[in-house]
Amino acid sequence: MRIRTNWNKALDALPDELAAANDWRRRLATLMGAVLIGFAALGFAWFGDRAQHLFFAAQSTHPWLNLVGTPVMFVAIAYIATRFVPQTRGSGIPQVMAAARATDESAMAPLVSLKTALMKVSLTVAGLFSGAPVGREGPTVQLAAAFMVQVHRVLRVPLTPGVLIAGGAAGVAAAFNTPLAGIAFAIEELAVAYEQRVAVLVMGAVMIAGLTAQGIAGDYVYFGHVTGALEVREVLLVAPLAGIGGGMLGGLFSRGLLTVRGPGARWGGMVGRRPLVTALLCGLVVGAIGLATGGATSGTGYGPTAMLLKGGDTAYWFGPAKFLSALATSISGIPGGIFAPSLAIGAGFGDLLTPLFPSRDAGLIVLMGMAGYFTGVVRAPLTAVIILSEATGSSYAILPLFATALIGDWTGAMVCRERLYHALSRGFLPPPHEEGGGKDQVVSG
C-alpha cells in the first residue's frame, strides 16, 4: 500500500486501455461491495433485534437487571472498546467522515478496517442486549464503508473519499430501506466536496445495496405507512411548534454530548482519563431510567415510535426519559448509533403536541415532531425529511416536513453552532503535523 499524490492527473496520463480497465474494476468493486453491504446490514439487523428481544424478555421477569446487568455490561463494553478498538466508540458516522478527510492511509485505515467494523457490530449488539438505547444505523455506516474499502483493496482499485462516501450512503439505504435518504445523507453529511463522479458511485452503491436488502427482506416500509393530511392552517401552527421545540431539544442533545465528548470538551479530559468510571455511572443512569419506565426507554425505541405514528398512546414522560437515557448512553462512549433513538425521542416530543390538535392528525403531528428533533440533532434537514417520508410511506407530507426541518435546523444551530457529526469526526483525526502528505493525496490499494 502506498500514498499517491494527484491521482486524477496520473490517471489522465495513463493509456486509454489501462484507464478503461480501472473503470471496470471500480464498477465491479462497487457492485460487489454494495451486495455485501446489503447482506451485512440485514444480518446486523437480525442479531440486533434478537439481542433486544432477549433483554426485554429477561427484564420483564427480572426488573433488577436494569440496575445490575446494564451498568456491568456498559463497563465491559467500554473496557473492550477502549482497550482494543478505540475506533469503535460512539456512532460510526464520525469515523467514516474522518476517514474520508484523512490524507494518510495510516490515519484512515484503522477507522474503516474489517476488524473495527466487526467489533463495532458485536459491541453494538452487546449494547442492545444490555438495554442501551442505541441504534444500528451509525454502526451500519461504518460497517458498510469497511466492506467497500476491503473489496476495493482486494481488486486493487485506488481508494478515494468517494469510495467511503458511497459505502456509508449504501449503509444508510440498507439500514432504513430508504435509498433516496442514502443519497441525501451522502450529500449533506459525508461528502465535503461532492463531484459528479462521486455522485454516480454513490447512486450505484445505494441502488445495489437497497435491491439486495429488498430482495431478502421484501419491499417493506420501515415504520409502516402513516396516513392522513393536515390542512394549511394546521401546518402553519404545527411546523413552528415542532421545529422550534424539536430543534431546541435536538440542539441541547448535541451541545450536551459535545460538552463532554467533543474535541477540546470542557469535561473531555476527566472522561478520557476514567472511561470505565464514566461507563459505570452512565450505565447506572440508563438502568435506573429503564427500571422506572418498565423498560420503555431501552433499545432502539422502534416499537413505541411505530405505535405513536399509528395514533397510539404512550406515557407523556416517554420523550424526556428517552432523551436522558440516550444522552447518558452517548456520553458513556460505548458503540452505538443515535439515529433510531433520536427518532424515538422526536416521536415522544411530537406526542406532547398531539393534545393541541384533532386526534385524527396525531400520527402526522408525531411525524413532524420527529422531523424537528432529528434535524436539531444531526443538522441535516434534507436527510431527515427523506428518511421520514420513505420510512413512513408519507411522501404527501414532504412540504410540512420540510417546513419543520428547516425551522428545526435554524433553531438547533442557535443552541449548538457546531454540527454534531462534523465536530465528533475531528476526534478521530490525528493532529495535522502527524499526518503525512498534503490535501491532494489519496490512498492507493
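This is a predicted model: local features need pLDDT of at least 70, side-chain atom pairs count only at pLDDT 80 or more; totals for chains, interfaces and linings use all residues.

Isoleucine 387 is buried, at a relative accessible area of 1%, where buried means under 20% relative accessible area, exposed means over 50%, and partly exposed is whatever lies in between, calculated with a 1.4 Å probe on protein chains only. Residues are numbered from 1 along each chain as its sequence is written, and side-chain values use heavy atoms, with hydrogens and water left out.

Isoleucine 387 sits in helix α18, residues 381-392; helices here are DSSP runs of H or I with at least four residues, strands are runs of E with at least two, and both are numbered from the N terminus. Which residues is isoleucine 387 in contact with, leaving aside its neighbours within four places in sequence? They are Phe176, Thr178, Ala181 and Phe339, and contact means heavy atoms within 4.5 Å. For threonine 178, the C-alpha atom is separated from that of isoleucine 387 by 6.3 Å, although the two residues are 209 residues apart along the chain.

The protein chain has 20 helices and two strands, and of its 445 residues, 58% count as buried.

Let us follow one of those contacts, phenylalanine 339. Again not counting residues up to four places away in sequence, phenylalanine 339 touches Ile93, Glu137, Phe176, Phe185, Phe374, Val378, Ile387 and Tyr421. Phe339 also belongs to the largest nonpolar core, a set of 102 residues, where Leu164, Phe253, Phe339, Met370 and Leu401 touch the most other members. A nonpolar core here is a set of buried Ala, Val, Leu, Ile, Met, Phe, Trp, Tyr and Cys residues joined through side-chain atoms within 4.5 Å. Helix α17 gives the most to this core, with eleven residues.

By class, the contact of α16 with α17 has 13 nonpolar, four polar and one charged residues, with Ala, Val, Leu, Ile, Met, Phe, Trp, Tyr, Cys and Pro counted as nonpolar, Asp, Glu, Lys and Arg as charged, and the others, Gly among them, as polar.

Helix α17 also packs with helix α11, residues 232-261, at an angle of about 40° and with the axes 6 Å apart. In α11 the residues of this contact include Gly243, Gly246, Gly247, Gly250 and Gly251, while those in α17 include Gly369, Gly372 and Gly376. Sorted by class, the contact of α11 with α17 has nine nonpolar, nine polar and no charged residues.

A further pair is helix α3, residues 65-83, and helix α13, residues 275-292, whose axes come within 7 Å and cross at roughly 150°, and α3 and α13 are therefore roughly antiparallel to each other. Their contact divides into 15 nonpolar, six polar and no charged residues. Alanine 76 lies in α3 and is partly exposed, with a relative accessible area of 35%.

Finally, let us compare two arginines in loops. Arginine 156, in the loop between α7 (137-154) and α8 (161-176), has a positive phi of about 55° although it is not a glycine. Arginine 379, in the loop between α17 and α18, likewise has a positive phi, near 55°. Are these arginines buried or exposed? Arginine 156 counts as exposed, at 62% relative accessibility, whereas arginine 379 is buried, with a relative accessible area of 13%.

Terms used: Axes are lines fitted to C-alpha atoms, for helices over the stretch in contact, and angles run from 0 to 180 degrees between N-to-C directions. Angles under 35 degrees count as roughly parallel, over 145 as roughly antiparallel, 65 to 115 as roughly perpendicular and the rest as oblique.
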